[in-house]
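Work through the exercises below with the coordinates open. Each task is followed by its solution in steps.

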Amino acid sequence: MKKEIPLAITFLTGVIIVVTFFIPHQPLGSMQQRLLIWYSIVLGFTTLLGVDSLMGSNFRKVLRRSPGWGYSLVVILGFLITMVTGLWSWIATKSLITLGSPFMFIYTWMIVPLTATMFALLAFFIASAAYRAFRARTLEATLLLVTAAIVMLGRVPIGAKIWSQLPAIQDWVMEIPQMAAKRGIFIGVAMGTIAMSLRVILGLERTYLS
Amino acid sequence: MNRASMVLAALLLAAAPLLAAKAAPAAAARPAPVFSAGLQGEDTPNDEGRSITITWTKSPLDGGDATTFKGYQVLRAEQPAGQFTEAGFVIGGKTQYQDNVDEGKPYYYRLRQLAATDSSESEVIGPVRATAQWFDRSRVNVLVLTVILSFLLIWYIERAKKGEELFIRKIQGLDAIDEAVGRSTELGKPILYSFGLGEIRDIVTVASLAILRQVAVKCAQHGTELLVPNWDPLVMAAAQETVQQAYSEPGRPDLYKEGNVSFLTSDQFGYAAGVDGMMLRQKPGAVFFLGYFYAEALLMSETGHSVGAIQIAGTTAITQLPFFIASCDYTLIGEEMLAASCYLKRDPQLLGSLKGEDFVKAVLIWGFAAMAVLGTVGMLMARGGHAWLGGVFQAIQNWFVTA
């Protein structure tokens, strides 16, 4: 029964979702939305599981003085300080997003700059990955290098200055061969998703049940 | 003129200012001049009965200049002579509005144009009622294709059940799992597995759980540490269960550490920073990026590359695939990721569904080729005055378009 009941629930839910896609009439019409609301409620509760996991694993590292326990201490302190300031801001101003509240201070001056820094690092990583990918050691890599050069130059004003046909060639590369490959992958993913969904609904794919 | 008439005339003259004062507000309340809007209202088709579609023809004053013509006010009432209130506002240039209403109730509509010089209203239309439909006719094409696809998949599964030999091409990324785990074991380093930012409802995350199971079984067999940092707590719960079960399979449940399959954060770049930190501190021998990824994909895979880990990635996120291909040793492209559980398990029924999928793809490829030829020939024939083939092409194309 440990497997049969979840399989039955999966089958019923899957069939309902498929059927409601074609039937707009109530009560089936809004069933999908309702199931998504249930999912959000479950997700809300599992956030507590996540917090428990995060705090538990980091507390254990600090208590055992595991290698890198200092980072865990930063995580714990960061979590507690953010939570306390969040609660404080909410009690004091009835809102977390009141300008000038301690929580907004943390958000504006710590979280936003840290996020922006991580995102900005992407530029350097793109450069290093592109350097490796574009090294013209094979025919494929050479083709990639030439195509990338055309596309990059064709998309900036200096490209048109170098050769007036570059933007048009760039457009052709993006709209014909690039789009064809992209759509091929899209169709494959769509077919794979349908087949995988069918396997899950029919109970052939049970890995998610462990 | 008799005396009575003269008295009446005198009374009327005396009362004239009073009558004029009474008549003035009445004139002000009189509806503005009617403009011909060709207003029409009908139940919105293929919906749950909560919407009425109002259409009209463009006003002559609607010339595309927002300073002289603001737009149209859709007014609604429940009685033809009742109080009309604003149901919605549509900017100039638009000629349609979908009004959210209660099912079955009669509604009356009129349209007011909001021009700088004129705010006249249209004639009243109604009653219009919203009704629910039992079948969405705009999705017939999806239904037909779903039934055909499901039939083919089930047919191939049944064929596989009968023991028919099915050929599946090699997927290098999946074959490399053994190599990756083996190398980590030899180096005495842990293995890191990331689902990216996928949720448990994403089919690619479900597919990734199947791969995680295989990786975890091999880790348990070799006694290699497996780290699974998570972005979504629900995925974390599923991953914990999967890894725990997988460690029991070769009889090594003692090796399972719950803290190794943990929640990190639900912030995109916070998660990337956390995973990068883990990689830089623990120097994993192998890294698996299998799931749904966004901009954090390259941040993590380049860090993995910098610590010298063998990297296997796979995603259905097309925009991130080039980054993985550039920075990882093996990449599962799109559908390969979804085929992983069938490929790894080698279960005949699962392999059968893969063959069915391949058959449908072959049909689609031939279909696209046939449509390309049909479209080209149709256009050439239309130039010669024979438009019927072009019409056939257009009809087929229209059938495939979903609302």
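The exercises on this predicted model cover a chain interface, a helix and a domain pair.

**Exercise 1.** Determine how many residues of chain B are in contact with chain A, and classify them by type.

Solution.
- Step 1. Take a residue pair as in contact if the C-beta atoms, placed from the backbone, lie within 7 Å.
- Step 2. With this cut-off, 59 residues of chain B touch 54 residues of chain A.
- Step 3. On the chain B side, the residues are 32 nonpolar, 15 polar and twelve charged.

**Exercise 2.** Is helix α7 of chain B mostly covered or mostly uncovered, and what do its buried residues pack against?

Solution.
- Step 1. A residue counts as buried if 20 or more other C-beta atoms lie within 10 Å of its own.
- Step 2. Helix α7 of chain B spans residues 296-306, and ten of its eleven residues are buried, so the helix is mostly covered.
- Step 3. Among the buried residues are B:E296, B:L298, B:M300, B:E302 and B:H305.
- Step 4. Within chain B, the buried residues of α7(B) pack against β8 (191-196), α6 (268-282), β11 (286-292), β12 (310-315) and α8 (321-327). From chain A, α4 (102-133) also packs against them.
- Step 5. After α7(B) comes B:G308, with a positive phi near 80°.

**Exercise 3.** Which residue ranges make up the domains of chain A, and how many residues do domain 1 and domain 2 bring to their contact?

Solution.
- Step 1. The ranges are 1-66 for domain 1, 67-126 for domain 2 and 134-210 for domain 3.
- Step 2. In chain A, the contact takes seven residues from domain 1 and eight residues from domain 2.
- Step 3. The domain 1 side of this contact holds three nonpolar, two polar and two charged residues.
- Step 4. The C-alpha centres of domain 1 and domain 2 of chain A are 28 Å apart.

Conventions
Residues numbered from 1 in each chain as written. Chains lettered and ligands numbered in written order. Predicted model: local features only at pLDDT ≥ 70, side-chain atom pairs only at ≥ 80, totals over all residues. Contact = placed C-beta atoms within 7 Å. Nonpolar A, V, L, I, M, F, W, Y, C, P; charged D, E, K, R; others polar. Buried ≥ 20, exposed ≤ 12 C-beta atoms within 10 Å, placed from the backbone. Helix = DSSP H or I, 4+ residues; strand = E, 2+ residues; numbered from the N terminus. Domains from an automatic or database assignment.
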